[in-house]
Amino acid sequence: MRRKIVAGNWKMNGSKDLAKELVGCVRSEAEALDNGVEVVIIPPLIYVADVVEQAGGKLAVGVQNVGQWSSGAYTGEVSADMAKDQGCEYALVGHSERRQLFGESDELVAAKVERLLASGLTAIVCVGETLEEREAGRAEAVVASQVKAALTKVAAEHWGQVVIAYEPVWAIGTGKTATAEDAQAMHAAIRVTLAEAGAPAESISLLYGGSVKADNAAALFAEPDIDGGLIGGASLKSEDFISICRAMPAGAES
Ligand code: PGA
């Protein structure tokens, strides 16, 4: 049985007030959900403690990034152990904004995945092709290579802490979503890649991300290999985010 997850990535947005109002509201709405979805809020690091204070129950907290080291003289960095210590259960790794704006390589992503899993966090590993790569017919190959590279250091006992988020770069923050059919096709391909990499492919949750909104979430979540969503813009408004959480069909896990 796969976990169904809807995670809200605030990116570099939000405030103490948002942490208080939105999280309180999402938490009480999340309690009323009966579709088995796990709701996760992933705020900027500086607001993690504020969000953790409001979270609990069906609402978990994650970080958007961690350093690849366990501790030491790395000014400005935060470790996976620290995120865990603060009450986080999830961490994003390899988001396309980290890859594109901060030059994160596949090797760095793999090192961070290893660190996160050792710390007991669930790693939401983000992968996705650019528009140029899709138009060149290379989308599946690019995503397969990102998935394989990110998972090279996963020990057998840690597969239960791995989640993959497929986020086509051209769909992030653009209002353009992959069709449910295209997203399903890529998710099915990712499952094949996972099996080739020696992972228990059928039990790993695969999320779709990229302009998921209240009005397109239900179609995406109805697909058999889409186990949830990674939500950017729409996670900053409690009503929109909760509508997306509600769009998960009950009993959709396989
Ligand atoms: P978006 O962002 O929903 O605003 O497209 C998704 C993401 O980057 O995780």
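How many aromatic pairs does the count come to? The count comes to two aromatic pairs, where rings of Phe, Tyr and Trp (its six-membered ring) pair if their centres lie within 6.5 Å. Trp 69 and Tyr 74 have ring centres 3.9 Å apart and planes at 5°, so this pair is stacked (planes under 30 degrees apart; over 60 is edge-to-face, the rest tilted). Trp 69 is partly exposed, at 31% relative accessible area. Tyr 74 is partly exposed too, at 34%. Partly exposed lies between buried (under 20%) and exposed (over 50%), with a 1.4 Å probe and protein chains only.

The model is predicted: local features need pLDDT of at least 70, side-chain atom pairs count only at pLDDT 80 or more, and totals for chains, interfaces and linings use all residues. Numbering runs from 1 along each chain as its sequence is written, and side-chain values use heavy atoms, without hydrogens and water.

| Backbone N or O atom of | Distance to a ligand oxygen atom |
|---|---|
| Ser 211 | 2.8 Å |
| Gly 232 | 2.8 Å |
| Gly 233 | 2.9 Å |

Taken alone, the ligand exposes 280 Å², and the protein buries 97% of that (Shrake-Rupley method, 1.4 Å probe).

Notes. A polar contact is a pair of N or O atoms within 3.5 Å; within protein, one must be able to donate a hydrogen and the other to accept it, and residues adjacent in sequence count only if both atoms are side-chain atoms.
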